[in-house]
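Please look over the structure shown here before reading on. The notes that come after it are meant for a reader who is new to it.

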Amino acid sequence: MSNARGDWIIPATAVNYNVSVKSMLEEGCALRSQQLRRVWESKILRYHGASDLERITPGLTWREIAERIDAYIQENGKLTMLFGWAPSNLDYTLLAKGLKLAGRQDVLPPEPVPGSQPFWWWATLRQSLGATADEMSLCLSRVYGSLYPEDRRLLLRAHTADADVVMLVRVMRTYLARVQGLPAPGKIEASCSGYVMKSEQSRALKARDEDGSCSEYLLDETMQSVEPLEED
């Protein structure tokens with residue numbers, strides 16, 4: 001968790017539940033499907049390690065997380081809104097559940113209003129550009145990759161907590177600067193132009209394909225149009 005300047009409130013950490021890694025794995029046995037059990041196991045081993053299953057889960061406890069948020073509030077004032085990248089308030093919900101275990105929901109701001117999260121800002125932009133989901137992905141790493149294609153190091157760490165937070169902050173800054181008419185970091189103009197180009201070419205390709213006159217030239221042009229950076 002960071003503030004809007006990118007300063008860390010909570011650094012990337014696993015959550016310490018004060019039980020052994022083995023006990024956490026065993027909890028997954030109660031899940032209904034084999035697929036869910038496999039996902040549970042992979043997540044536990046990813047964040048808590050597989051070298052010693054008897055050790056207590058590493059990281060900060062929910063009480064320690066609450067204390068760090070509280071310390072930030074005491075110095076900087078109350079949090080007014082929590083942003084994440086999702087079509088729902090999933091991040092807020094999970095954080096609220098964890099802080100409830102520590103009896104510290106008081107450090108959280110109110111739950112975000114539906115549709116107020118940055119995901120929906122970009123969804124609205126996509127709609128205004130006339131782009132489809134295939135033409136303009138709303139996956140955070142792809143949005144970030146379209147704005148900062150040179151930042152391969154961060155993109156390679158997509159779906160890790162600290163990298164995703166950094167991406168989110170930069171994507172928000174770029175969007176807000178652009179809508180306020182300020183110089184925008186990143187390459188939002190080139191990115192949006194590329195999406196528009198691809199959207200127009202895709203529609204032309206589809207129209208020509210439907211009447212049997214799709215040319216190889218148009219196909220090549222469409223394939224070479226600007227696209228978001230693919231995830232690894």
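Predicted model: local features only at pLDDT ≥ 70, side-chain atom pairs only at ≥ 80, totals over all residues.

Residues are numbered from 1 along each chain as its sequence is written, and side-chain values use heavy atoms, with hydrogens and water left out.

- Asn3 is found in the segment before α1, where helices are DSSP runs of H or I with at least four residues, numbered from the N terminus.
- With a relative accessibility of 10%, Asn3 counts as buried, a term that means under 20% relative accessible area, whereas exposed means over 50% and partly exposed lies in between (1.4 Å probe, protein chains only).
- The side chain of Asn3 makes a polar contact of 3.2 Å with the side chain of Tyr72; such a contact is a pair of N or O atoms within 3.5 Å, of which, within protein, one must be able to donate a hydrogen and the other to accept it, and residues adjacent in sequence count only if both atoms are side-chain atoms.
- When neighbours within four places in sequence are left aside, Asn3 is in contact (heavy atoms within 4.5 Å) with Ile9, Tyr72 and Val169.

**Ala71**

- Ala71 has its place in helix α3, which covers residues 62-76, and is partly exposed, with a relative accessible area of 45%.
- Although Ala71 and Ile9 are 62 residues apart along the chain, their C-alpha atoms are separated by 9.0 Å.

**Positive phi outside glycine**

- Asn18, in the segment before α1 (21-27), is not a glycine and yet has a positive phi of about 60 degrees; at 53% relative accessibility, Asn18 counts as exposed.
- His159, in the loop between α7 (152-155) and α8 (161-179), is likewise not a glycine and has a positive phi of about 75 degrees; at 46% relative accessibility, His159 counts as partly exposed.

**Helices α6 and α8**

- The axes of α6 (residues 140-147) and α8 come within 10 Å and cross at roughly 55 degrees, the axes being lines fitted to C-alpha atoms over the stretch in contact, with angles running from 0 to 180 degrees between N-to-C directions.
- The contact involves Leu140, Ser141, Val143, Tyr144 and Leu147 of α6 together with Asp164, Met167, Leu168, Arg170, Val171 and Thr174 of α8.

Definitions and conventions
Helix = DSSP H or I, 4+ residues; strand = E, 2+ residues; numbered from the N terminus.
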